[in-house]
Amino acid sequence: MKIAVLPGDGIGPEIVAQAVRVLEALQSDGLPIELENGLIGGCAVDATGEPYPEATHRLASQADAVLLGAVGGPKYDSLPRQQRPEKGLLAIRKALNLFANLRPAILYPELANASSLKFDVVAGLDILIVRELTGDIYFGEPRGIETRDGQRVGFNTMIYSESEIKRIAHVAFQAASKRQGKLCSVDKMNVLECTQLWRDVVIEVAKDYPDVALSHMLVDNAAMQLVRNPKQFDVIVTGNMFGDILSDEASMLTGSIGMLPSASLDQSNKGLYEPIHGSAPDIAGKDIANPLATILSVAMMMRYTFNHEESAKRIEQAIKKVLVSGRRTKDIAESNSSLGSVVGTRAMGDAVLSVL
Ligand code: IPM
Ligand code: MG
């Protein structure tokens with residue numbers, strides 16, 4: 001189990017440190033885990049001038065899985081686009097062909113009151129967003145800012161090929177068939193040709209999955225339905241940009257963006273695992289960030305890349321127990337909770353490890 005560890009920027013190093021402790025615990029219980037650290041994002045720019053240096057690419061290519069914290073910070077906002085930390089993240093996703101991004105949004109009953117929605121609306125919530133991750137307007141060419149007729153114009157290209165839509169559709173149908181058998185494909189076919197093709201291809205792929213009930217929803221309606229009645233969804237499949245937006249929205253249903261892990265997989269289940277939240281520079285270095293999304297990402301790694309369901313469950317159960325015990329980082333604490341139960345990043349790691 002060769003794992004490349006890329007802590008990145010902001011709170012990245014703090015939350016990844018706790019996830020690494022969990023990996024080390026599994027290692028001392030006998031799993032053949034090998035860890036090696038690398039640079040990505042702003043820290044890589046500082047050290048090498050590039051957000052995704054060649055050495056990191058070599059490390060990540062040779063590993064079976066990558067554990068990533070987060071990238072970016074205000075310090076880098078004025079750099080040219082090619083040197084922005086976010087470019088490092090996009091580059092590793094593209095270079096490793098990690099086209100399938102799985103973002104589960106599960107509400108832990110103990111956190112129901114941390115959600116801004118009413119208890120009944122979110123209780124028992126368990127949805128999976130399958131986001132296409134290496135295409136769409138994120139990567140489409142041409143792109144840029146240039147002067148036309150004496151004024152600046154900015155432009156990007158939304159583009160999907162049939163084969164890109166097919167392969168992500170297969171991932172989503174397979175996931176749905178292992179869950180409640182419901183798949184909702186999200187597009188904007190009333191306006192965008194690119195997503196008309198998306199819908200057409202998803203309908204074609206559906207023929208291979210007669211047991212999955214397929215529905216379609218326009219993205220504006222999907223954004224609304226996610227807060228109106230999120231439990232109507234089982235699996236959602238959508239493109240890169242819509243998936244970026246809807247997964248942040250879905251995370252708040254669960255109480256905090258600090259709870260959502262993700263897996264980004266290639267065709268052979270090699271994967272990159274990261275929390276869906278960003279580098280949160282405003283709270284970096286303060287020992288208050290929630291490490292649970294990153295630790296849950298390790299559980300996903302055990303499940304999807306290493307086929308080690310037992311370890312995945314063990315980690316998830318440990319987190320459940322910690323939440324039942326009342327311990328909370330600041331982001332998931334209820335405003336009336338007693339001070340004693342609010343813990344820092346490292347203490348939350350301690351709590352998970354002691355149960356584990
Ligand atoms: C995410 C993030 C990234 C994205 C950024 C940091 C480039 O928002 O993983 O959702 O837009 O994909
Ligand atoms: Mg995002």
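A cavity, as the word is used here, is a set of grid points where a 1.4 Å probe fits but cannot get out. Keep in mind that this is a predicted model. With that in hand, a search of the whole structure turns up one cavity of 30 Å³ or more. The largest cavity holds about 50 Å³ of space. Its lining is made up of D136, M158, Y160, V186, D187, C194, T195, W198, G239 and F242. Two elements, β8 (182-187) and α7 (193-206), each give two or more residues to that lining. The largest share, three residues, comes from α7.

Now step back to the sheet. It is an open one of 10 strands, and if you read across it the order goes β2-β1-β3-β12-β11-β4-β5-β10-β8-β9, with mixed pairing. At the edges sit β2 (34-37) and β9 (213-218), each pairing on one side only. On average, neighbouring strands are turned by 20° against each other, ignoring direction. Strands of a sheet pair through backbone hydrogen bonds, either parallel or antiparallel. For a parallel example, look at β1 (residues 2-8) and β3 (residues 65-70), which pair over five bridges. One bridge to spot there joins L6 to its partner L68 in β3.

Helices pack on this sheet too. Helix α3 (residues 54-62) touches β1, β2 and β3, and its direction makes about 140° with that of β1. Helix α4 (residues 85-95) lies across β1, β3, β4 (100-106), β5 (126-132) and β12 (271-275), running at about 150° to β12.

Is G271 buried or exposed? Its relative accessible area is 2%, and the cut-off for buried is under 20%, so G271 counts as buried. Leaving aside neighbours within four places in sequence, G271 is in contact with D64, A65, V66, L98, S264, L265 and T305. The C-alpha atoms of G271 and A100 are separated by 9.2 Å, although the two residues are 171 apart along the chain.

Last, go to helix α1 (residues 12-28). Its 17 residues reach 24 Å from first C-alpha to last, close to the 24 Å expected at 1.5 Å a residue. This helix is mostly covered, with 12 of its 17 residues buried. Among them are I15, V16, A19, V20, L23 and L26. Just after α1, G30 takes a positive phi of about 110°.

Terms used:
Residues numbered from 1 in each chain as written. Chains lettered and ligands numbered in written order. Predicted model: local features only at pLDDT ≥ 70, side-chain atom pairs only at ≥ 80, totals over all residues. Heavy atoms only, no water. Pairing = 2+ DSSP bridges. Helix = DSSP H or I, 4+ residues; strand = E, 2+ residues; numbered from the N terminus. Axes fitted to C-alpha atoms, helices over the stretch in contact; angles between N-to-C directions. Contact = heavy atoms within 4.5 Å. Buried < 20%, exposed > 50% of the residue type's maximum accessible area, 1.4 Å probe, protein only. Expected span 1.5 Å × (residues − 1). 1 Å grid on protein atoms, 1.4 Å probe; cavity = no way out; pocket = protein on both sides within 12 Å on 5 of 7 lines; lining within 4 Å. Points joined across faces, edges and corners; volume = space filled by probe spheres on them.
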